[in-house]
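Welcome! Have the sequence and the model open, and try each exercise before you read its solution.

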2 protein chains.
Amino acid sequence: MQERPKRGGLAAVAKAAGVSPATVSRAFNLPELVNDAVRARILAVAAEQQYRPDPAARALRSRRTHMIGVALPTLDYSIFARLINRFQSRFAEEGYTTIILTTGFDNRNIHDSVQLLLDRGAEAVLLVGAVEDAKVNEILAETQVPFVTTYSFPKGSAVPAVGFDNGEATQAATEHLLALGHRHFAMIAGLTDGNDRQRDRIAAYRRCLERAGATGADRVVCHGFDMAAGGRALAEIMDHYPDTTAIVCNTDIFAVGAYAECRKRGIRVPDDLSIIGFDDAEYAPLLDPPLTTIAVPADEMGLCAAEALLAALKSKAPPQERCMDTTLTLRGSTAAPRHKS
Amino acid sequence: MQERPKRGGLAAVAKAAGVSPATVSRAFNLPELVNDAVRARILAVAAEQQYRPDPAARALRSRRTHMIGVALPTLDYSIFARLINRFQSRFAEEGYTTIILTTGFDNRNIHDSVQLLLDRGAEAVLLVGAVEDAKVNEILAETQVPFVTTYSFPKGSAVPAVGFDNGEATQAATEHLLALGHRHFAMIAGLTDGNDRQRDRIAAYRRCLERAGATGADRVVCHGFDMAAGGRALAEIMDHYPDTTAIVCNTDIFAVGAYAECRKRGIRVPDDLSIIGFDDAEYAPLLDPPLTTIAVPADEMGLCAAEALLAALKSKAPPQERCMDTTLTLRGSTAAPRHKS
DNA sequence: CGGAATCATGAAACCGATTTCATGAAATCA
DNA sequence: TGATTTCATGAAATCGGTTTCATGATTCCG
């Protein structure tokens, strides 16, 4: 007489517990409607049979998939990995499973990903940056699914944001360099196509320089989104504008590339060149010199975005916006310029 | 007379096209069974109505979810991000959606994640490292779902691997240092609990040292899995074993922390201390000095793992194993030890 | 104590596709 | 030409749950 766990469906549990399938379903989903003793029996039988509800059947009838969609530029930026980590674990606590799609940095290309997430039945969606795709905006207007965007805080956007003001952050960085006495700037940026974060940062940088009458508003170079791009950008800057003494990098990733290129060229940081980053990556304090950078509360942002969506799911109201603070974190990569000439 | 796309289900498409629901279904899933003209009409109607099949209904009846499960230690190691990127995009090409779960580095804890993936209906599952959980092995034995593990190549494991030999890789690294003349070693490792990659690397390191009669087989330190841990480990090593001239890091991440700690202590790399990494992260060649490390074909591994699972899904046979090569990539962080005493 | 409200439960419909099985028409064959 | 496949299609069953609605048993209340 060997025991056999059986592995049947809900109907099997119902039979074994001597109740109807409806009652089994209620025992799991509306426990307060079921008599305590009956429910206990059902749960025991279900456990014994290792009953697992079929998510497809459940989703089909109840119209709830318990899936959350995420479309982000890349997983290869640790800042996004950090953000998504908190986001995902918060939703996991509530029984939701997350689907993560990567779309690249140009939000004009996110349509297919958003459509896929919605087709898959995502009950809420997280994006990064402002939506810049008319078709996605159409989707947004039609769907009941709550969306939140993060890592930026677009004004008057169709999609509410749990992010921060990129312009303000870059302004703090630029003003720090100006305050140190720098007059000749350049910026290492990412592509601005479909990327409001880059545009906001560039705009803020230019605004600061123009207001201060410093040089460099037009010295914004972009060679891509990876570390090597940062190196190439630095090379271009120093070749074309050798008087540059301060560089604003739109990602710590660029700063790593820039550091390497500086070493190759014998440029000393911060003595010859001040460099400032963005994101405060894990390695920022470990670089030589430790990188002055803008700390972005990625973990908190992920958590807040999850909470905003969770609340929206419950209340049926649009997600609550939230603008977080960034912190200019001073380390060793910025200093007053050497007195030239 | 305004146009209205309608957005109905398959039944609506059927009615509008003047055919039965069965035919509509076939037009999408078994197109060769449907008359060309009829199929064209169906497709046109479907497009006009923006028909989207309900994945829940489809999954319920067809028992196919078109979902792939992934359980990996963390997204915060870019090497895993790279691996998963290729994996995911390959499956996306075939119409599969990927669910990614993070489980930490201890594979004794992956049970819940694996169960969740299976409960969600994953048709194939990717893991990292050897399975070290009896419950997971039970699941493996019972399920028909193909599994593949990666980033290691466990012998006689229940789950086939598309990975590489961690011991061999570390052996190459250690022998390189031995060949340079080093005699006093230490290793910065991760936790070995539930982590065969770490154990394999440590074992290989010890084997090499013992065979060569060099010091350091017992100098394996671990302070965690992040960059700061690398720094703390280096501090411990130099405090306890100041004669150390060569350090094998089990991750480039540790090497970054070690570099920083070296600078703090005035230890020059490679003059005073040779450091070797593992993974060949994007920043490895950009560090100062550029990091000698073991290059792991993460992208290719992700792709191969996807192909292996795809083939298994088609053939119903177990996935094909594959052991990939790693490459010791020589850069500037290793050199002959200075002649002491 | 009688009628209304509440409660716990079950029967049956339902979610939206896929799949089986049946059928009539067309094609093939002897 | 009559019998036999083959082909394209539709009717209906089905996947495994959830939800609606009905019902009998209790409790509540005037």
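**Exercise 1.** Which domains does the domain assignment of chain A give?

*Solution.* Before we start, note that this is a predicted model, where local features need pLDDT of at least 70, side-chain atom pairs count only at pLDDT 80 or more, and totals for chains, interfaces and linings use all residues. Residues are numbered from 1 along each chain as its sequence is written, while chains are lettered from A and ligands numbered from 1 in the order in which they are written.

Step 1: the assignment, which is automatic or from a database, lists domain 1 (10–53), domain 2 (65–164 + 297–325) and domain 3 (166–295).
Step 2: the centres of domain 1 and domain 3 of chain A, taken over C-alpha atoms, are separated by 61 Å.

**Exercise 2.** Describe how helix 5 of chain A and helix 12 of chain A meet.

*Solution.* Step 1: find helix 5 (residues 78–93) and helix 12 (residues 298–315) of chain A; helices are DSSP runs (H or I, at least four residues), strands likewise (E, at least two), numbered from the N terminus.
Step 1: their axes come within 7 Å and cross at roughly 35°. Axes are lines fitted to C-alpha atoms, for helices over the stretch in contact, with angles from 0 to 180 degrees between N-to-C directions.
Step 2: pick out the contact residues (C-beta atoms, placed from the backbone, within 7 Å). Among them are Ile79(A) and Phe87(A) of helix 5 of chain A and Met301(A) and Leu303(A) of helix 12 of chain A.

**Exercise 3.** Is Val45(B) buried or exposed?

*Solution.* Step 1: locate Val45(B) in helix 3 (residues 36–48) of chain B.
Step 1: apply the rule, with C-beta atoms placed from the backbone: buried means 20 or more other C-beta atoms within 10 Å, exposed means 12 or fewer, and partly exposed lies in between.
Step 2: Val45(B) is buried, because 22 other C-beta atoms lie within 10 Å.
Step 3: leaving out residues up to four places away in sequence, Val45(B) touches Val13(B), Ala16(B) and Ala17(B).

Key. Two residues are in contact if their C-beta atoms, placed from the backbone, lie within 7 Å.
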